[in-house]
Amino acid sequence: MSAEHLSCDLAVVGAGPAGLAAARVAAAAGARVICLDAFAQPGGQYAMQPTQGDSAFADTAQVRMGRDAAKAARDAGVEILCGAEVFWGARVSGGFCLSVNRGGHSLVVEARALVVAAGAMERPLPFPGWTLPGVIGAGAAQRLLKTGTGALPLPGKAVLAGSGPFLLAVAQSFAKAGQRLDQFVEMQTPSVPAIAALFAAHPGKLPEALRLALDLRKTGAERHRGHMVTRALGTDRVEAVEIAPIGSSGAPDMTRAQITDGVGTLAIGYGFQPVVDLTTALGAAHDFNADLGGWHCRSDARGRTTVPGVWAAGETLGIGGAVPARLSGRIAGGAAAAALGFAEPDLGAEQRALHKARAFAAGLAALFPAPADLPLELSGDTLICRCEDVLVDDIAQAIAEGARESFAVKTWTRAGMGPCQGRICGAGIAAALARAGVPAETASYNRAHLPLRPVPLPLVRATMAAQTKMEKRA
């Protein structure tokens, strides 16, 4: 097998709001731009495009935004390659080489510079029963509703639970799809004065917030404020969900726990974390900020990372939402094009707008802080790392024997060595270390290794051979 070879001035990884904005600005400046995305259509999570022509989401504002952004990028000359999963990136003489799995075929993209706009993923936190079929992420539920037939795959009641404003957006998707939502379980209940103060400072956001609240009401869901899911129950799949109110100590009051039977889907989310596997693989520096979703790529005001020739944009720089993602993408795309010798557009207005947009995101993060610890005590036989079957007791033993960072836990137990490379278990490992007194900054993160995503070995060989030829040619 041999790899197809493409070359460009700038490669953009990710075709969400940030990636499409970066690609469009750079192409308009005169750069040859290739934009790569793992999904079948551009748009990202926020503006994901439905696969059904008669979908209830086909003409929503978010879908139109994604469709228009992709068209504008293509009109500017951007080559958008969807179904293209980047599984490695490396520096080569004169630029960078991206190894790509495109529908089972190997592709190598050679670029003089990169913009990484890889987006975000859900932040899974383990709890009893979290591995049962039917227990899914809140974002996964939204994707099923938006891109499928508008229905969840398993029959039974639907429970949406967790923390953060994204839950309201998912509930809105339930309402739009006409999908039954039985219970809405919120851990955090910000005070009315705090909410009022945030929207007084950002009044333009109020109409959207009101729409979200109204759409939650349309679902008819029973709302449980200040509650959390303590167990998912079932044998071969989830059948029931236990919730309990959160007491003054921050722990669930199990004396007032209640069980809902007949559940087919538990969609649960504790916020998002930046996708930084490619930027860690390239050796860029990263910083930790819980309000930004944890570990995120470090950059200057124009998106330039600590690796020459690499810019970052959107959620890779920290969780903030679609508006700051799009603005940071425009800024990074313009800066990257200028560094390559093309004309740099005047993006001063974008810089000012980005500052305001990030201020609103910071306000939301203050209202809904990410859980710093595991939501509740776990038994020793609770599975933490699904790929390598690592239990709570295994991680606790490693910490007791001296593992004081994520890499040490990985070495002791193999947690994080599986196909997901710690994307699923990383938050649980970090929480276990935090409980043992190890702060996140000390625990560090799981630096990605080849391949970033599961990929057939022949594709790895083909792209690595192509990369070797590039280096020899240089």
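How many residues has helix α8, and how far does it reach from its first C-alpha to its last? Helix α8 (residues 322-339) has 18 residues and reaches 26 Å, close to the 26 Å expected at 1.5 Å a residue, the expected span being 1.5 Å times one less than the number of residues. Helices (H or I, at least four residues) and strands (E, at least two) are DSSP runs numbered from the N terminus. The model is predicted: local features need pLDDT of at least 70 and side-chain atom pairs count only at pLDDT 80 or more, whereas totals for chains, interfaces and linings use all residues. Residues are numbered from 1 along each chain as its sequence is written, and side-chain values use heavy atoms, with hydrogens and water left out.

Because 13 of its 18 residues are buried, α8 is largely enclosed by the rest of the structure. Buried means under 20% relative accessible area, exposed over 50%, and partly exposed in between (1.4 Å probe, protein chains only). After α8 comes G341, with a positive phi near 100 degrees.

The largest nonpolar core comprises 34 residues, of which L36, L98, V100, V109 and L114 touch the most other members. Such a core is a set of buried Ala, Val, Leu, Ile, Met, Phe, Trp, Tyr and Cys residues joined through side-chain atoms within 4.5 Å. Elements that each supply at least two of its residues include β1 (4-13), β6 (105-116) and α14 (457-473). A second, separate core of 29 residues includes L10, V12, A18 and A73.

K146 lies in helix α3 (residues 138-147). Leaving aside neighbours within four places in sequence, K146 is in contact (heavy atoms within 4.5 Å) with Y46, M48, P50, S55, F57 and S173.
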